[in-house]
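Subject: Structure handover

Hello,

Here is the structure I promised to pass on. Please open it first, then read my notes below.

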Amino acid sequence: MVAINNSASAPGVETSYGPAGYKGLVHNSFLLSLSAFASIGGVLYGYDQGVISGVLVMTSFGKEFPSLAHNSTLQGWMVSVLTLGAMFGALANGPIADRLSRRWSILLANIIFLIGSILQAASVNVPMIFVARFIAGLAIGQLSMVVPLYISELAPPTLRGGLVALQQLGITAGIMVAFWLNFGTQHIGGTGDGQSPAAWRLPLALQCLFSLILGVGTFFLPYTPRWLMMKDRENEAVSTLSRLRRVPRSDGRIMNEVLEIKVSVLFDKATTAAMFPGVTSPIRLSVERYKSLLALRHLNRRLLTACALQLIQQFTGINAIIYYCRIRRSPDVDLYDSDIGLSGSSVDLLATGVIGILNFLCTIPAIMFMDRWGRRTVLLVGGMGMGISQLIVATLYAVYEHSWASHRGAGWATAAFVWIYICHFAFSIGCINWVIPSEIFPPGVRSQAVGIAIGVNWLSNFIVALITPRMLDSITFGTFYFYLAFCVFLVFWVYFALPETKGVPIEEMDKVFGGNQGEQDTIRMASIRHQLGMGGVDGAVKDDSGGYVEEVEDHDWTV
Ligand code: BGC
């Protein structure tokens, strides 16, 4: 069997557009601005997820929806219905992003989001608010899968991690803004009986502003070169790439990148045609692509990696903290209130406000350094930090569970380790869970696979939201040991099973995950590379008689 030369870089061709890390980001300010703009999708996500916990405890909200205010199960469902909607949105958006383009699926998500948030802000009864949150959830799910996909398809390999991590910065910014906005609007009409309905309707309505900005902005965003190539719009793909990289179309690096994208797309089409001969219906083809994710070994390995990462991210317990240190005010389950001997609104501020700020700030180093440190190192350090923090929190909780009031120091220490946990989450798995799924799949199944992975994230989020209050009730400190087990698992899994993808061009992920290794694949790839005038198999390409010849010296860069 012959080994395939699917390197993105033809020998002797310069492929780099500059340094990795923050220097590269500054150098590529156009790309940075585009990615930051698309990450408003993350702001919507964080905002909508964060705003509800503050709204639920407002007096005026309770007066308008008494059945919700006095029923914690219903409250839990109201929080979770968004995650359910998001799961469906993420799953459905795979084929939509292929058909409409990544760009227009961002617009579609914003239209749905606007409907959902207007209905939320205008809600007059419980069913209406549930439906509204489900609709907003659909859009949030769509955005949570398409924004990382969009950015990763725009980015050069050396900056991809940092740019995709902007989505997480958007999420954390959204959570933070929602908290402080709630904190401000709760004073409209006073915090007591006279509180105005504007106190809760305003923060719910304000999210429309972000959505409008992103929606209108999509008319100015480019298509991704990879999607254009999939749609045989090669000339536009070249122009877009040259605009994105800020170098002329004739630059050798542009030609090299375009050729590699083209090889990957053509290979994918040839493989699909060979695997599903005669299938022309787009729906059937889409179903077959989903099936191939499970049937082909190198694809199901990637799918497993992407989904495992999502599941572990949620089961490190991040949302147990984000949701339940604010929503659950009853003393027996609220980690920050009377349970650890700290009380009053200043503590609420410290506990939840500080979490929001730390979560946001600690995401920044990931953006600056992820492409230099590598995904594995960042995950290992983050996983160990989260694990140690969970261990200390769980142990302090176990020891002082019934005597927080007389051990205020222990209470503060617990809060401090929750903050340390948040910092480790923020710079590691908080960001990397968006990066890895969006970079490891080949073009034909990329959007479907990212949709499934992000769907798993939302499903796990839903489960965590559902089980945490019950676990805190029944096994109390055991809840933290439970989440600790996943931090430990994360470290071992990354160490033994997760390959490094830092700096690897998307088109070369096959090398990392062992795709294109079969005889048929090898011949198919060699033939495509040969047709495009590129090197084929271990420095050789097939000649007309089917034998391998020396690699062509002069590349024909015409595309
Ligand atoms: C997670 C969310 C979480 C947020 C906190 C995201 O990466 O997917 O579930 O609430 O981080 O910053």
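A word on classes first: Ala, Val, Leu, Ile, Met, Phe, Trp, Tyr, Cys and Pro count as nonpolar, Asp, Glu, Lys and Arg as charged, and the others, Gly among them, as polar. This is a predicted model, in which local features need pLDDT of at least 70 and side-chain atom pairs pLDDT 80 or more, while totals for chains, interfaces and linings use all residues. Residues are numbered from 1 along each chain as its sequence is written, and side-chain values use heavy atoms, without hydrogens or water.

**The ligand**

By those classes, the shell around the ligand has 5 nonpolar, 11 polar and no charged residues. Near means that a heavy atom of the residue lies within 4 Å of the molecule. Of the 16 residues around the ligand, the nearest are Gln-49, Gln-168, Gln-313, Asn-319 and Asn-359.

Several helices supply at least two shell residues each, among them H3 (40–56), H10 (166–185) and H23 (443–474). Helices here are DSSP runs (H or I, at least four residues), numbered from the N terminus.

Now the polar contacts (pairs of N or O atoms within 3.5 Å; within protein, one must be able to donate a hydrogen and the other to accept it, and residues adjacent in sequence count only if both atoms are side-chain atoms). A polar side-chain atom of Asn-319 is 2.7 Å from a ligand oxygen. For Gly-430, a polar backbone atom lies 3.3 Å from an oxygen of the ligand. Asn-461 has a polar side-chain atom 3.5 Å from a ligand oxygen. Taken alone, the ligand exposes 310 Å², and the protein buries 100% of that. Accessible areas come from the Shrake-Rupley method with a 1.4 Å probe; for residues, only the protein chains shown count as cover.

**Salt bridges**

The structure holds 16 salt bridges. Each is a side-chain nitrogen of Lys or Arg within 4 Å of a carboxyl oxygen of Asp or Glu. Burial comes up too: buried is under 20% relative accessible area, exposed is over 50%, and partly exposed is in between (1.4 Å probe, protein chains only).

Glu-153 pairs with Arg-102, with the closest N and O atoms 2.8 Å apart. Glu-153 sits in helix H8 (residues 126–154) and Arg-102 in helix H7 (residues 102–121), so the pair ties together parts 51 residues apart in sequence. Both Glu-153 and Arg-102 are buried.

Glu-234 forms a salt bridge with Lys-262, at 2.9 Å between the closest N and O atoms. Glu-234 is in helix H13 (residues 234–245) and Lys-262 in helix H14, 28 residues apart. Glu-234 is buried at 18% relative accessibility. Lys-262 is buried at 15%.

Lys-511 and Glu-508 also meet in a salt bridge (3.1 Å, N to O). Lys-511 counts as partly exposed because its relative accessibility is 46%. Glu-508, at 10%, counts as buried. Salt bridges that share partners join Asp-98, Arg-102, Glu-153 and Arg-446 into one network.

**Other spots**

Arg-160 is in helix H9 (residues 160–164). At 1% relative accessibility, Arg-160 is buried. The Arg-160 side chain reaches the backbone oxygen of Thr-501 at 3.4 Å.

Glu-257 belongs to helix H14 (residues 252–275). Glu-257 is buried, with a relative accessible area of 10%. The C-alpha atoms of Glu-257 and Pro-156 are 9.1 Å apart, although 101 residues separate the two along the chain.

Best wishes
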